[in-house]
Amino acid sequence: MSEFVVRPSCAEDVADITRIYRHYVLNTNATFELEEPDCEEMARRRLEILRRGLPYLTAEEEDAVVVGYAYANLYRTRAAYRFTVEDSIYVDPEYLGRGCGQTLLAALITQCELGPWRQMIAVIGDSGNTASITLHERCGFHRVGTLGAVGFKFGRWVDSVLMQRGLGTTF
């Protein structure tokens, strides 16, 4: 397994973040987004998350190449949900299965536990996405439900799997 360095993302990472995400938009049901956003849009999204005080992390391999990223965002915008975040993790497909996703998710959980958040939700596109489901289980998430056929991508209906994990001291 390779060793990955996780650090806060910076503006210079946006091109790599966009490149990684593009793969998932165009080739998988990990995201239900249908059109790939450009670097400008990805930069805007990143800044919005950071403005909310939420973590946005990248993972690098030894040669300082960004091979994955993860962030927490608001689960919902209504005030009652203010202590609940949703995680997102994307890894360069050439680095899948090497521990990058687990390293990123563990770091993201740790960062969120330092803040006021008490629950983390994973909304996993495609009930057949066993890699993501297994990753979340390894990091302490439990499956709380499946929303059947809520997305339509690549000519078929796709489920979303909901998983949840407590952060720090739960209420």
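I count two residues as in contact when heavy atoms lie within 4.5 Å. The model I am reading is a predicted one.

**Entry 1, α1 against α2.** I looked up which residues of the two helices touch. V14, A15, I17, T18 and Y21 are the α1 side of the contact, and they meet C39, M42, A43, R45 and R46 of α2. I sorted the residues of this contact by type and got seven nonpolar, one polar and two charged.

Next I took the geometry. Two packed helices are described by the angle between their axes and the distance between the axes. For α1 and α2 the angle is about 105 degrees and the axes are 9 Å apart. I count 65 to 115 degrees as roughly perpendicular, so α1 is roughly perpendicular to α2.

I checked the length of α1 against 1.5 Å a residue. Its 14 residues should span 20 Å, and the end C-alpha atoms are 20 Å apart, which agrees. Then I listed the buried residues of α1: V14, I17, T18, I20, Y21, Y24 and V25. They cover an arc of only 170 degrees around the axis, so I put them on the same side of α1. I also looked up what covers these buried residues, and found α2, β2, β3, β4 (84-91) and β6 (142-153) among the elements that do.

I ran the length check on α2, residues 39-51. For 13 residues I expect 18 Å, and the end C-alpha atoms are 18 Å apart, in agreement. The buried residues here are M42, R46 and I49.

I then asked which exposed residues sit on the face of α2 turned away from its buried side. They are E40 and R51. The cover over the buried residues of α2 includes α1 (14-27), β2 (56-60) and β3 (66-74). Just after the helix I noted G53, which takes a positive phi of about 80 degrees.

I looked for A106 and found it in helix α3, residues 100-113. Is A106 buried, partly exposed or exposed? I have buried as under 20% relative accessible area and exposed as over 50%. A106 has 37% relative accessibility, so I count A106 as partly exposed. I also took its separation from H136: 30 residues in sequence, and 9.7 Å in space from C-alpha to C-alpha.

Definitions and conventions:
Residues are numbered from 1 along each chain as its sequence is written. This is a predicted model: local features need pLDDT of at least 70, side-chain atom pairs count only at pLDDT 80 or more; totals for chains, interfaces and linings use all residues. Side-chain values use heavy atoms; hydrogens and water are left out. Helices (H or I, at least four residues) and strands (E, at least two) are DSSP runs, numbered from the N terminus. The expected span of a helix is 1.5 Å times one less than its number of residues. Buried means under 20% relative accessible area, exposed over 50%, partly exposed in between (1.4 Å probe, protein chains only). Axes are lines fitted to C-alpha atoms, for helices over the stretch in contact, and angles run from 0 to 180 degrees between N-to-C directions. Angles under 35 degrees count as roughly parallel, over 145 as roughly antiparallel, 65 to 115 as roughly perpendicular and the rest as oblique. Ala, Val, Leu, Ile, Met, Phe, Trp, Tyr, Cys and Pro count as nonpolar, Asp, Glu, Lys and Arg as charged, and the others, Gly among them, as polar. The arc is that of the directions from the helix axis to the C-beta atoms.
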